[in-house]
Amino acid sequence: MTDILLVLGSNIRKYRKEFGWTQQLLAEKAGISVPFMTQIELGRKSASLEVIQSIAVALGIPYRQLFDEPDTAEPPVRNLLSLEHRLSESIMSVIHEEFGKF
């Protein structure tokens, strides 16, 4: 049986890196400290369900995906979610830039 904390941490790190985010950026988006994010990713600390949900929301994925064993993850779906999330952020950035001109 795989250690759930290691699976959780590994998945958080994997999704974070797919987005090209630093631990600091994800921690800020999730509302937790960088040291706590580091400990979660390393599987050294457990997180409350609320924290796990806030991380999932920040990543734009269902929280259940954070618990998928490595061999059960579906790369095409994960890649689409990553692309969708990046596209949304890019669109929002352009909108903020345009409205900031007024």
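Contact here means heavy atoms within 4.5 Å. Going by that cut-off, 62% of the contacts in the protein chain between residues at least 6 apart in sequence join residues at least 24 apart. The structure is a predicted model, in which local features need pLDDT of at least 70 and side-chain atom pairs count only at pLDDT 80 or more, while totals for chains, interfaces and linings use all residues. Residues are numbered from 1 along each chain as its sequence is written, and side-chain values use heavy atoms, with hydrogens and water left out.

On confidence, pLDDT (the predictor's own score for each residue, from 0 to 100) has a mean of 86 over the protein chain, with 83% of residues at 70 or more. Helix 2 (residues 23-30) comes out highest, at 97, and helix 5 (residues 75-100) lowest, at a mean of 74.

As for the surface, the protein chain exposes about 6,500 Å², and carbon and sulfur atoms supply 61% of that; the areas come from the Shrake-Rupley method with a 1.4 Å probe, and for residues only the protein chains shown count as cover. Of the 102 residues, 32% count as buried (under 20% relative accessible area, with exposed meaning over 50% and partly exposed in between; 1.4 Å probe, protein chains only).

Ile12, in helix 1 (residues 4-18), counts as buried because its relative accessibility is 1%. Not counting residues up to four places away in sequence, Ile12 touches Leu26, Met37, Ile40, Glu41, Ile55 and Leu66. Its C-alpha atom is 8.4 Å from that of Ile40, 28 residues apart along the chain. Leu66 sits in the loop between helix 4 (49-59) and helix 5, and at 0% relative accessibility Leu66 is buried too. With neighbours within four places set aside, the contacts of Leu66 include Val7, Leu8, Ile12, Tyr15, Ile52 and Ile55.

Beyond four places in sequence, Glu41 is in contact with Gly9, Ser10, Ile12, Arg13, Arg16 and Gln23.

Then the rings. Rings of Phe, Tyr and Trp (its six-membered ring) pair if their centres lie within 6.5 Å, with planes under 30 degrees apart called stacked, over 60 edge-to-face and the rest tilted. By this rule there is one aromatic pair. Phe19 and Trp21 form it, tilted, at 4.9 Å centre to centre and 35 degrees between the planes. Both partners are buried, Phe19 at 9% relative accessibility and Trp21 at 7%. Charges over rings also occur: the charged end of Lys14 sits over the ring of Tyr15, 4.8 Å from its centre, and that of Arg64 over the ring of Tyr63, at 5.7 Å. The criterion is NZ of Lys or CZ of Arg within 6 Å of the ring centre and within 35 degrees of the ring normal.

Technical notes:
Helices (H or I, at least four residues) and strands (E, at least two) are DSSP runs, numbered from the N terminus.
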